[in-house]
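Reader: I would like to go through this model feature by feature. Please give the general idea first and then the case at hand.

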Amino acid sequence: MHSTLEFNTIDKVSANLKPVAIKLTKDIEQANDLMQETLIKAFVNREKFKEGTNLQAWLYTIMKNIFITNYQRVARRKTLLDQTDNQHILNTSDKTIENKAYSNFAMEEINAAIDKVKKIYRVPFKLYFKGFKYQEIAEALDIPIGTVKNRIHMARQMLKGSLKQYGYLDK
């Protein structure tokens, strides 16, 4: 029998997962992002939770899968497959040569996509991108830290949508 979990229930149990998120990411800000993604995914898929199973284990599995997926995505960006007969996998993170023209063109399109994001979301996103921490952004804009996180998340979603049309993200 399936249950409809309330966000309050998920939130209470998820507090025990915070140390796991920190251990996985080795960074408080990234751990907070991982926790936020986990809670959102759990809430969206709450009808898939089966009554009588361990809620904390279910949330841990969601968190672990999100972390692994994100890690694999980063690893794929840094790896090329050699098309010679031996099929070697080359790690490209150290030695890459970039075509500056393509890079400049891509940056123009990315900046255009960022400029299309509403100002209310764009400003916190740009500050975060420049290296400011959530707390610093919250203080600078005089808004709650939760609002900062939400606006950055929304900006990311809007950018993903825009960049898909330019062909930069998987469709």
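Author: Start with handedness: a crossing is left-handed if the near helix is turned anticlockwise from the far one by less than a right angle, and right-handed if clockwise. Helices (H or I, at least four residues) and strands (E, at least two) are DSSP runs, numbered from the N terminus. By that rule the crossing of α2 and α3 is right-handed, and the crossing of α6 and α7 is right-handed as well.

Reader: What kind of model is this, and how are residues numbered?

Author: The model is predicted, so local features need pLDDT of at least 70 and side-chain atom pairs count only at pLDDT 80 or more, while totals for chains, interfaces and linings use all residues. Residues are numbered from 1 along each chain as its sequence is written, and side-chain values use heavy atoms, with hydrogens and water left out.

Reader: At what angle do the axes of α2 and α3 cross?

Author: Axes are lines fitted to C-alpha atoms, for helices over the stretch in contact, and angles run from 0 to 180 degrees between N-to-C directions. Angles under 35 degrees count as roughly parallel, over 145 as roughly antiparallel, 65 to 115 as roughly perpendicular and the rest as oblique. Helix α2 (residues 18-25) and α3 have axes that come within 8 Å and cross at roughly 125 degrees. That angle makes α2 oblique to α3. For α6 and α7 the angle is about 140 degrees, with the axes 10 Å apart. The pair α6 and α7 is therefore oblique too.

Reader: Which residues of α3 are buried?

Author: Buried means under 20% relative accessible area, exposed over 50%, and partly exposed in between (1.4 Å probe, protein chains only). In α3 the buried residues are E29, A31, N32, D33, L34, M35, T38, L39 and A42. In a list of this kind, keep in mind that an α-helix has 3.6 residues a turn, so residues three or four places apart point the same way. For the chain as a whole, 28% of the 171 residues count as buried.

Reader: What span should α3 have, and how far apart are its end C-alpha atoms?

Author: The expected span of a helix is 1.5 Å times one less than its number of residues. With 17 residues, α3 should span 24 Å, and its end C-alpha atoms are 24 Å apart, which agrees.

Reader: What caps the N-terminal end of α3?

Author: The cap is D27, with a side-chain oxygen 3.2 Å from the backbone nitrogen of E29. The backbone oxygen of D27 also takes part in a contact, lying 3.0 Å from a polar side-chain atom of T25. T25 is in helix α2 and is buried at 14% relative accessibility.

Reader: Where is N54, and which backbone nitrogens lie close to a polar atom of its side chain?

Author: N54 is in the loop between α3 and α4 (55-77). A polar atom of its side chain lies 2.9 Å from the backbone nitrogen of Q56, and one lies 3.2 Å from the backbone nitrogen of A57.

Reader: How many salt bridges are there?

Author: Side chains of opposite charge can pair when their charged atoms come close. A salt bridge is a side-chain nitrogen of Lys or Arg within 4 Å of a carboxyl oxygen of Asp or Glu. The count is 2 salt bridges. One joins D33 and R156, with the closest N and O atoms 3.7 Å apart. This pair links distant parts of the chain, 123 residues apart: D33 is in helix α3 (residues 28-44) and R156 in helix α8 (residues 145-165). D33 is buried, at 10% relative accessible area, whereas R156 is partly exposed at 28%. Another joins D115 and K126, at 4.0 Å from N to O. D115 lies in helix α5 (residues 100-116) and K126 in helix α6 (residues 119-129), so this pair ties together parts 11 residues apart in sequence.

Note on methods. Polar contact = N/O pair within 3.5 Å; in protein donor to acceptor, adjacent residues only side chain to side chain.
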